[in-house]
Amino acid sequence: MRTSEFDYHLPPHLIAQEPVDPRDHSRLMVVERDSGVIGHRRYFSEIVEELAPGDLLVFNDTRVLPARLRGRRADTGGAVELLLLQRLGPGRWRAIGRPGRRLRPGVLLLFGNDPLRVQARVAADLGEGVREVLLEGEEHLEQVGEVPLPPYIHKPLADPERYQTVFARQPGSVAAPTASLHFTPALLERLRNQGVRMAFLTLHIGLDTFRSVRTEDPREHKLHGEPFTLPLETAQAIGETRAQGKRVVAVGTTVVRVLEHVATYYRQVRP
């Protein structure tokens, strides 16, 4: 297998630059697993017709951090950008930044203005463009930081909440679990009324969602870890659903990789 086998032409004008409103009016493609027949639903909300009572939807309830900081160096005033990746402890973060080569240990970066100021001092070079930074004013991130959009989205969001799922609860991601963005409270209620069950886990999406695969053999591409939590009630719901012969539907690749990892490692889905 070669990375180039996955190349295809995607005209730029077909990449949506703003979300559809309402959320559940995006399109939905349905692939029949047995026959391979592909169908197209006009609206995502028609997913209710593809699910049956007793089926279980498993969602990722992570919340995207306002992790993109735009500011300046304290010494030269030069423009810098920092993307926080993972909290290592109180005031300590893994991050990547631009211009990367100039973010050497000891450099002080300033974001925002008093009294809403965040400052970051580069503490260590962790390799592969990643730095450890020490933050002061972390409580101002919501006011100073921005939600980091995918690199193919060039138009700023008028409402940052549109890049959060309606059930986002656990802050920690640098990107949204995008398959879940199409669900609305009304659609979730319709599914519950139909007898479709719901469960949640948390996976905080990290650096790799922004990193391109540059190796010709994809197996040589290095992947970084992502923290996740699979609650007891979710593991139990999955076991009950399978025992009843109903379907467990993982909503998005973040849920898929948690369930596959746990099931492979433990030979069962467990907390």
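## Terms and model

A residue counts as buried under 20% relative accessible area, as exposed over 50%, and as partly exposed in between. The model is predicted.

## Aromatic pairs

Six aromatic pairs are found in a search of the whole structure. One of them joins phenylalanine 59 and phenylalanine 183, with 5.0 Å centre to centre and 85 degrees between the planes, an edge-to-face arrangement. This pair links distant parts of the chain, the two residues being 124 residues apart. Phenylalanine 59 belongs to strand 3 (residues 56-60), while phenylalanine 183 lies in the loop between strand 11 (170-173) and helix 2 (185-193). Phenylalanine 59 and phenylalanine 183 are both buried.

Tyrosine 265 and tyrosine 266 also pair: the ring centres are 4.8 Å apart and the planes stand at 85 degrees, so this pair is edge-to-face. Are these two tyrosines buried or exposed? Tyrosine 265 has a relative accessible area of 60% and is exposed. Tyrosine 266 has a relative accessible area of 36%, which lies between 20% and 50%, so tyrosine 266 is partly exposed.

## Aromatic cluster

Phe59 and Phe183 are also members of one aromatic cluster, together with Phe44, Phe167 and Phe200.

## Charges over rings

Which ring does the charged end of arginine 169 sit over? It is the ring of phenylalanine 200, with the charged end 4.7 Å from the ring centre. Phenylalanine 200 is one of the residues in the aromatic cluster.

Arginine 270 lies over the face of tyrosine 266, at 4.2 Å from the ring centre. Tyrosine 266 thus has an arginine over its face and an edge-to-face partner in tyrosine 265.

Notes:
Residues numbered from 1 in each chain as written. Predicted model: local features only at pLDDT ≥ 70, side-chain atom pairs only at ≥ 80, totals over all residues. Heavy atoms only, no water. Phe/Tyr/Trp six-rings, centres within 6.5 Å; stacked < 30°, edge-to-face > 60°. Helix = DSSP H or I, 4+ residues; strand = E, 2+ residues; numbered from the N terminus. Buried < 20%, exposed > 50% of the residue type's maximum accessible area, 1.4 Å probe, protein only. Lys NZ or Arg CZ within 6 Å of the ring centre and 35° of its normal.
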